[in-house]
Amino acid sequence: MPLIDYSFLSKILPKAKIKKSFQKAKKSYLIRIRIATSLFFFGMGFCFATWASRIPDLKLSLNLSESDLGTILFALPAGQLLAMPLSGLVVAKYGSRKIAVLGLFVYAFFLTLLGLPSESWQLALGLFLFGFFGNFCNIAVNSQGVFTQQLFDKPITGSFHGSWSLAGFSGALLALLMLFLKLSPFQHFLIVLLIITILIATNYNYLVKVKPQKPGEKEKTSFFKIQDKTLIWYGLICFLCMASEGIMFDWSGVYFKEIVKAPGALAILGYTSFMITMAIGRFLSDVLVRKFGSKNVILTSGFVISIGLYCAVLFPYLIPCTIAFMLVGFGVSNVIPIVFNAAGNSKKVSTSVALTIVSSISFVGFLIGPPIIGYIAELTSLKYSFAFIGVFGVLISALTYKLNLFK
């Protein structure tokens, strides 16, 4: 029995009210499904970007030191990690559509609570819950991305992840407006909750409806018993990519300030250039896959990541380093969408559990990459840290070529 119930497409438009052909109606409805899925990806990114944009204000209001803030921020990944063994199983049991709707709303709801703490432990608890329920939302929405891709003949997965990246810019722009209007983080977060509620209410009905998984259709798989060993390799490739991506999020500004010696506001140029090319790359990912194939795109992406990082090390000057960071952004942009789509189409494991396994392994890279950079920089210098991570791109290409995991 197929995983997806395609019969709903025959009930898209009432014949008595529609004069155009069913084929055109079906095509238009599929486009609407794609838009809805993209907006759920956007909603996830928008919530995260909103939280990140008000960290300085919360740090100031709670009178936190850098070390205090660093310790509290660890609560978010801790919540995500704790949810990982459960999220895939819950999504498989109750369906990605239901969990995506509920998960995104709860994710936005706990965002609002992050604007209320008067004590540091309250913020830590709020971040833990924000990360915990955010992981359920992440697995469900990514599952929807895989199911939506299956309805189209051409690759479209990259555009979903591009929507997440685009939400980062949108969240930052809204934050600037909120700061200009002198609204508190809680007021800001309430507005975002309203936006997310409207997004859900106007799009939930267009998410893909998937049949419940029945015994025998796929072998039962738990987070700790991996039936498809290919998922481990997918996870390792994502681990290397996410580690490279993580250091750009956390250390690009520091690198521009301490190594490049960028003056004043130009210190954020590296991070901005990285984010721009990462977003553009994800929107172009589907076109590149369609033209060159998944394997060739990932092979090239790995080398581009390494070239970008080593150029930043060898030419630590403003313009060359900006171009180098742009290369890194474009390199990392393609890997996650392609690998997640491949993992989600596993023949042995349900989509939600497969994505949980791969995202769990990859998230460890995102988590430990920045601290590794700090330790190496403490012993040597930040340039050597970036040179160490530069090897990861080559490893992505080597694993892709050797294991022949992609077409």
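Biologist: Which helix gives the most residues to the nonpolar patch?

Modeller: Helix H12 does, with 4 residues. Patches are made of residues with over 30% relative accessible area and no salt bridge, where like charges are joined within 9 Å and nonpolar side chains (Val, Leu, Ile, Met, Phe, Trp, Tyr) within 5 Å. The areas behind this come from the Shrake-Rupley method with a 1.4 Å probe, and for residues only the protein chains shown count as cover. Here Phe303, Ile307, Ile319, Ile323, Met326, Leu327 and Val394 make a nonpolar surface patch of about 620 Å², and the elements that give two or more residues to this patch are helix H11 (294–314) and helix H12 (318–344). Before going further, note that this is a predicted model, in which local features need pLDDT of at least 70 and side-chain atom pairs count only at pLDDT 80 or more, while totals for chains, interfaces and linings use all residues. Residues are numbered from 1 along each chain as its sequence is written, and side-chain values use heavy atoms, with hydrogens and water left out.

Biologist: Where is Val394 placed, and why does Val394 count as partly exposed?

Modeller: Val394 belongs to helix H14 (residues 382–403). Buried means under 20% relative accessible area, exposed means over 50%, and partly exposed lies in between (1.4 Å probe, protein chains only). Val394 counts as partly exposed because its relative accessibility is 36%.

Biologist: How many helices and strands does the chain have?

Modeller: Helices (H or I, at least four residues) and strands (E, at least two) are DSSP runs, numbered from the N terminus. By that reading the chain has 14 helices and 0 strands. Of its 407 residues, 52% count as buried, and the chain exposes about 19100 Å², of which carbon and sulfur atoms supply 69%.

Biologist: What does pLDDT say about this chain?

Modeller: pLDDT is the predictor's confidence in each residue, from 0 to 100. The chain has a mean pLDDT of 81, and 86% of its residues reach 70 or more. Among the elements, helix H3 (residues 66–73) has the lowest mean, 70, and helix H8 (residues 185–203) the highest, 95. Over residues 215–219 the pLDDT is below 50, and over residues 1–23 pLDDT stays under 50. Where pLDDT is low, the predicted coordinates should not be read in detail.

Biologist: Which residues have the most contacts inside the largest nonpolar core?

Modeller: A nonpolar core is a set of buried Ala, Val, Leu, Ile, Met, Phe, Trp, Tyr and Cys residues joined through side-chain atoms within 4.5 Å. The largest one has 54 residues, and Trp51, Leu104 and Leu123 have the most contacts inside it. Another core lies apart from it, with 52 residues, among them Cys241, Val260, Ala377 and Ile389. Contact means heavy atoms within 4.5 Å; leaving aside neighbours within four places in sequence, Leu123 is in contact with residues including Trp51, Leu58, Ile72 and Pro117.

Biologist: What is the phi of Lys182, and where is Lys182 found?

Modeller: Most residues other than glycine have a negative phi, and most peptide bonds are trans. Lys182, a residue other than glycine, has a positive phi near 60°, and is found in the loop between H7 and H8. Lys182 counts as exposed because its relative accessibility is 75%. Lys261 also is not a glycine and has a positive phi of about 60°; Lys261 sits in the loop between helix H9 (230–258) and helix H10 (269–292), and is exposed, with a relative accessible area of 61%.

Biologist: How many salt bridges does the count come to?

Modeller: A salt bridge is a side-chain nitrogen of Lys or Arg within 4 Å of a carboxyl oxygen of Asp or Glu, and by this rule the count comes to 2. In one, the side chains of Arg54 and Asp57 meet at 3.0 Å, N to O; Arg54 is buried, with a relative accessible area of 2%, whereas Asp57 is partly exposed, at 28%. In the other, the closest N and O atoms of Glu245 and Arg282 are 3.8 Å apart. This pair links distant parts of the chain, with Glu245 in helix H9 and Arg282 in helix H10, 37 residues apart, and both Glu245 and Arg282 are buried.
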